[in-house]
Amino acid sequence: MPSIRRPFQWRPPVAERVDVVVLGMGVGGEELANTLADNGLNVVGIESHLVGGECPYYGCIPTKMMIRADDMVAEGRRIPGFAGESTVNADWTPVARRIRDVATDNWNDRVAVERFERKGGHFVRGAGKLAGPGKVSVNGTTYEASRAIVIATGTSPAVPPIPGLDRVKYWTNREAVKVERLPESLVILGGGAIGVELAQVFARFGVKVSMIEGMDRVLAMEEPEASAVLGDVLQREGIELWLKSRAQSVESRGDAIAVNLDGGRQVAGEALLVATGRRANLKEIGLESVGLDPSAGLLEPDDHLRVGERLRAKPRVTFTDPEVGATGLTEAQARKKGINVRTGIQQASVTSRGWIHGPGNDGFIKVVEDADRGVLVGATTMGPRGGDLLGIFELAIKLQIPSDELRHLIYAYPTFYRGTGEAVRKLGPDQHAPMR
């Protein structure tokens, strides 16, 4: 009997079922994926670039190696008059070699991938995309997550639409970290944390640095006192600041790159670093397939940690010399919220340890208090080891510890930490009965 040939019918491929899909294996995604796999869940981790993301390869770790090196150079130059004489010949070669060989394995994530796989995770190299509720497609395979999909796609450098920028070769933080031969001169677009950190690094290694910032101060998101101190330090170190200036266009000029500013001014350098902030990587991951807006700048979190958490005392540190640490609200932010504000400021150079420290002791500690409740809502710790002084303020803001309690703690002498108590005491006398 002849066989009956049925017409072909296309069927969508059956999705591979797993517990969790982590889309993006940067700092947050890698940590979460490892933890879930460690606890016995069937986890798929998807990453198109490097497992670990920006921090270990282009951000926190290598840039702090750069900063450690420039701090050593600066300290060597501070020896005359305090501990004898010194001659410092700064050499970028060992810095670049340490970043390449020790920190990043030449930008290879094999160790991180193998660590995840040893925990039982399944790693996929590719650009994953949401394919409907509970589903993610990558490299022709669809995974269906029974427990959750985690969107951890991170951020990328935000490159402004300046005419001509697309026709020149410019750096972002990634190229800056990888550089092995320093240019003679460098123009930096942006005076935020990334810009000021890298400006100081390269200037201390002999690069002529010019920085362009549209606001009237560097670190415009921090307290104005911090901006003023850091601006003075950067200028003393030879960094040219173009404040309240905006780039109108960019062009090649011989072997240099020229940035044309408003008012007909021009700044040129052998290299150009774009450090104008970060943008969330959300546009091409299929958000529309799950009812989310693909043009959104951020995904708003809810109260159940389904996108992120909301804390009163998130810390932040800019690792310049002096360091700028901050947590909670700035004075301006607190006043905008209608808080009855009191502030206390202690200059770092006049604390006992600051005076002992000598050169490099620029900075201050500033506390912002809700005077009606007698608790801190913000603090800035700028100076030597400024970031390390944040801990007590994070705790105080999160747990709403009365300022009076902080005022009467015994602070070890002579430490930089002691300045925190001095700043709190400058809020004024006790106004509230300490909680016992």
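1. First, a term you'll meet throughout: helices (H or I, at least four residues) and strands (E, at least two) are DSSP runs, numbered from the N terminus. With that in hand, look at Asn106, which sits in the loop between helix 4 (93-103) and helix 5 (110-118). Asn106 isn't a glycine, yet its phi is positive, about 55 degrees.

2. Some ground rules before going on. This is a predicted model, where local features need pLDDT of at least 70 and side-chain atom pairs count only at pLDDT 80 or more, while totals for chains, interfaces and linings use all residues. Residues are numbered from 1 along each chain as its sequence is written, and side-chain values use heavy atoms, with hydrogens and water left out.

3. Now the overview. The protein comes to 13 helices and 20 strands. Of its 436 residues, 48% count as buried (buried means under 20% relative accessible area, exposed over 50%, partly exposed in between, with a 1.4 Å probe and protein chains only). Take contacts (heavy atoms within 4.5 Å) between residues at least 6 apart in sequence: 63% of them join residues at least 24 apart.

4. You'll find Asn139 in the loop between strand 5 (135-138) and strand 6 (141-151). Asn139 is exposed, with a relative accessible area of 56%.

5. Four strands make an open sheet in the order 10-9-8-14, with parallel pairing (two strands pair if DSSP finds at least two bridges between them). Strand 10 (240-243) and strand 14 (271-274) each have a single partner strand, so one side of each is left without a neighbour in the sheet. On average, neighbouring strands here are turned by 15 degrees against each other, direction ignored (axes are lines fitted to C-alpha atoms, for helices over the stretch in contact, and angles run from 0 to 180 degrees between N-to-C directions).

6. Zoom in on one pair in that sheet. Strand 8 (residues 185-189) and strand 9 (residues 208-213) run parallel and are joined by five bridges. For example, Ser185 has Lys208 as its bridge partner in strand 9. Helix 7 (residues 193-204) packs on this sheet, touching strand 8, strand 9 and strand 14, and its direction makes about 165 degrees with that of strand 9.

7. Which residue stands opposite Val324 in strand 20? Met382 does. The two strands involved, strand 17 (residues 323-328) and strand 20 (residues 375-383), run antiparallel with six bridges joining them.

8. The peptide bond from Asp321 to Pro322 is cis, with omega near 15 degrees, and Pro322 belongs to the loop between strand 16 and strand 17. Another cis bond joins Tyr413 and Pro414, with omega about -10 degrees. Pro414 is in the loop between helix 12 (403-407) and helix 13 (418-425).

9. On a 1 Å grid over the protein atoms alone, a cavity is a set of points where a 1.4 Å probe fits but cannot get out, and a pocket is an open set with protein on both sides within 12 Å along at least five of seven lines; lining residues have an atom within 4 Å of a point. The second largest pocket is lined by 16 residues, with Asp71, Asp321, Glu323, Pro384 and Arg385 nearest its centre. Helix 3 (residues 60-77) gives the largest share of that lining, five residues.

10. Among the residues lining the largest cavity are Ala348, Ile365, Met382 and Phe416. The second largest cavity has about 50 Å³, and its lining includes Pro157, Ile194, Leu273 and Arg278.

Technical notes:
Grid points are joined across faces, edges and corners, and a volume is the space filled by probe spheres set on the points.
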